[in-house]
Amino acid sequence: MSQESHLIEILCALSDHRVDFVVAGGVAMVLHGVERTTLDLDVAVSLEPDNLRRFLEAMTDLRLSPRAPVPAEIILDRESIAALIREKNALVFTFWSPLEPYRQIDLFLTRENSFDDLIADAYLLEIRGRPIRVASRRKLIEMKSRVRPVREKDINDIRALTELEKKERFE
């Protein structure tokens, strides 16, 4: 399965399960027109319990399981998530396929990368006839500016997004 097809498969499954989510990270960069390689999907998901249950159903249908040795249902318990953030410095909760490790989705856990924060100015696009929300360039720049330690790929992403913004203003 190609990089594009497994990412599209995951996006379509989330949409088909009516999960409220916003795409961020490398896939959002690509959807904004930045040429870059990425294999995993980073998403912010609404923390409403019914929405999280739909998300878990999508993960089951995709045969993706938690990378950490904990039950997937832990994401339904806000106190457990707060403990993961506090005790393990967890920023994401990862679902993956051990047999196909490139099939991976990272669910943001922190308030700074929350659904409520990213949805405000997310834009809507259509992929295979399904509505997909993508974090705005401004939010992606903010997110990448907060990454510590600073990584070369984040610096390059910020530069590419800034160039896209400049180019768009002059067109």
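Start by selecting L99, which sits in the loop between β4 (92-97) and β5 (100-108). Keep in mind as you click around that this is a predicted model. Is L99 buried or exposed? With a relative accessibility of 82%, L99 counts as exposed, because the cut-off for that label is over 50%.

**Zoom out to the whole chain**

Clear the selection and show the cartoon. You'll be looking at seven helices and seven strands. Follow the chain from the N terminus and the elements go by in the order α-β-α-β-α-β-α-β-β-α-β-β-α-α. The radius of gyration is 16 Å, close to the 16 Å that the globule rule gives for 171 residues, so the protein is as compact as a globular protein of that length. If your viewer can draw a box along the principal axes, the C-alpha atoms fill one of roughly 50 × 35 × 30 Å.

**Two loop residues with a positive phi**

Next stop, N89. You'll find N89 in the loop between α4 (78-88) and β4. Most residues other than glycine have a negative phi. N89 is not a glycine, yet its phi is positive, at about 55°. On the accessibility side, N89 comes out at 62% and so counts as exposed.

Then jump to R128, in the loop between β6 (123-127) and β7 (130-134). Here too is a residue that is not a glycine but has a positive phi, this time about 50°. R128 is exposed, its relative accessible area being 58%.

**The helix pair α6 and α7**

Now select residues 137-146 for helix α6 and residues 152-170 for helix α7. Two packed helices are described by the angle between their axes and the distance between the axes. For α6 and α7 the angle is about 155°, and the axes lie 9 Å apart. How do the two run relative to each other? An angle over 145 degrees counts as roughly antiparallel, and therefore α6 and α7 get that description. The crossing of α6 past α7 is left-handed.

Show side chains to see who makes the contact. On the α6 side, pick R137, L140, I141, K144 and S145; on the α7 side, pick D154, D157, I158, L161, T162, L164, E165 and E168. Sorted by class, this contact has five nonpolar, two polar and six charged residues.

**Stay on D154**

Centre the view on D154, a residue of helix α7. Its relative accessible area is 2%, so D154 is buried. Which residues does D154 touch, once its neighbours within four places in sequence are left aside? The partners are K144 and V147.

**Last stop: the turn to P149**

Finish in the loop between α6 and α7, where P149 is found. Most peptide bonds are trans. Look at the one from R148 to P149, though: this peptide bond is cis, with omega near -5°.

Terms used. Residues are numbered from 1 along each chain as its sequence is written. This is a predicted model: local features need pLDDT of at least 70, side-chain atom pairs count only at pLDDT 80 or more; totals for chains, interfaces and linings use all residues. Side-chain values use heavy atoms; hydrogens and water are left out. Axes are lines fitted to C-alpha atoms, for helices over the stretch in contact, and angles run from 0 to 180 degrees between N-to-C directions. Helices (H or I, at least four residues) and strands (E, at least two) are DSSP runs, numbered from the N terminus. Angles under 35 degrees count as roughly parallel, over 145 as roughly antiparallel, 65 to 115 as roughly perpendicular and the rest as oblique. A crossing is left-handed if the near helix is turned anticlockwise from the far one by less than a right angle, and right-handed if clockwise. Contact means heavy atoms within 4.5 Å. Ala, Val, Leu, Ile, Met, Phe, Trp, Tyr, Cys and Pro count as nonpolar, Asp, Glu, Lys and Arg as charged, and the others, Gly among them, as polar. The radius of gyration is taken over C-alpha atoms; the globule rule is 2.2 Å times the number of residues to the power 0.38. Buried means under 20% relative accessible area, exposed over 50%, partly exposed in between (1.4 Å probe, protein chains only).
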